[in-house]
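Dear colleague,

I am passing on the structure that we discussed, and below it you will find my notes on what turned up in it. Please read them with the model open beside you.

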Amino acid sequence: MRERRQLHRNRVYYGGMVAFNARNSTVACVVRNFSRLGAKIELENPGLFPDQLDFTIERKGLSWLARLVWRDTNAAGLAFSPAAWASDVVPIELARKLRNSERINRQLQARIDQLASEH
């Protein structure tokens, strides 16, 4: 098989997380190899996931958008664009704060809608 990767991937054993559906659905995975352009992950039923998802490696403190480029029974290959590595990498704590702020905003908007409908 011809190697098509632009960058060598290091063999790793990290815990990872994939998220989709506006980060409302999350699934733990194992990261088996990793570079700044992509990763191989192991998880159950990758065929059920959308092509675009959020990918986090907490140990590294990284979170960014990823594209599924291949899927197997219990594994998948992710690709990150070089531009995404440079500009879209978000520290995990900042991503968590953003997600929490979005949740609070939804709750406040629901309360405003409720109060408006009472008058």
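A residue is called buried here when its relative accessible area is under 20%. Please bear in mind that this is a predicted model, and that the mean pLDDT of the chain is 84, with 84% of its residues reaching 70 or more. Confidence is highest in S6, at a mean of 94, and lowest in H1, at 54; where pLDDT is low, the predicted coordinates should not be read in detail.

With that cut-off in hand, Phe34 counts as buried, because its relative accessible area is 8%, and Trp64, at 2%, is buried as well. A search of the whole structure finds five aromatic pairs, and one of them is formed by Phe34 and Trp64, whose rings are tilted, with 6.1 Å from centre to centre and 50 degrees between the planes. Since Phe34 belongs to strand S2 (residues 25–35) and Trp64 to strand S5 (residues 62–71), this pair ties together parts that are 30 residues apart in sequence.

Another aromatic pair, Phe55 with Phe80, is stacked, at 5.9 Å centre to centre and 20 degrees between the planes. Here Phe55 lies in strand S4 (residues 52–57), while Phe80 sits in the loop between strand S6 (75–79) and helix H1 (82–87), so the pair links parts that are 25 residues apart in sequence. Phe55 and Phe80 are both buried, and together with Phe34 and Trp64 they form one aromatic cluster.

Turning to the nonpolar residues, the largest nonpolar core has 21 residues, of which Val31, Phe34, Ile41, Leu53, Phe55, Leu78 and Phe80 touch the most other members. The elements that contribute two or more residues to this core are strands S1 (10–20), S2, S3 (38–42), S4, S5 and S6. In general, nonpolar side chains in soluble globular proteins tend to be buried together.

With best wishes

Definitions and conventions:
Residues are numbered from 1 along each chain as its sequence is written. This is a predicted model: local features need pLDDT of at least 70, side-chain atom pairs count only at pLDDT 80 or more; totals for chains, interfaces and linings use all residues. Side-chain values use heavy atoms; hydrogens and water are left out. Rings of Phe, Tyr and Trp (its six-membered ring) pair if their centres lie within 6.5 Å; planes under 30 degrees apart count as stacked, over 60 as edge-to-face and the rest as tilted. Helices (H or I, at least four residues) and strands (E, at least two) are DSSP runs, numbered from the N terminus. Buried means under 20% relative accessible area, exposed over 50%, partly exposed in between (1.4 Å probe, protein chains only). A nonpolar core is a set of buried Ala, Val, Leu, Ile, Met, Phe, Trp, Tyr and Cys residues joined through side-chain atoms within 4.5 Å. pLDDT is the predictor's confidence in each residue, from 0 to 100.
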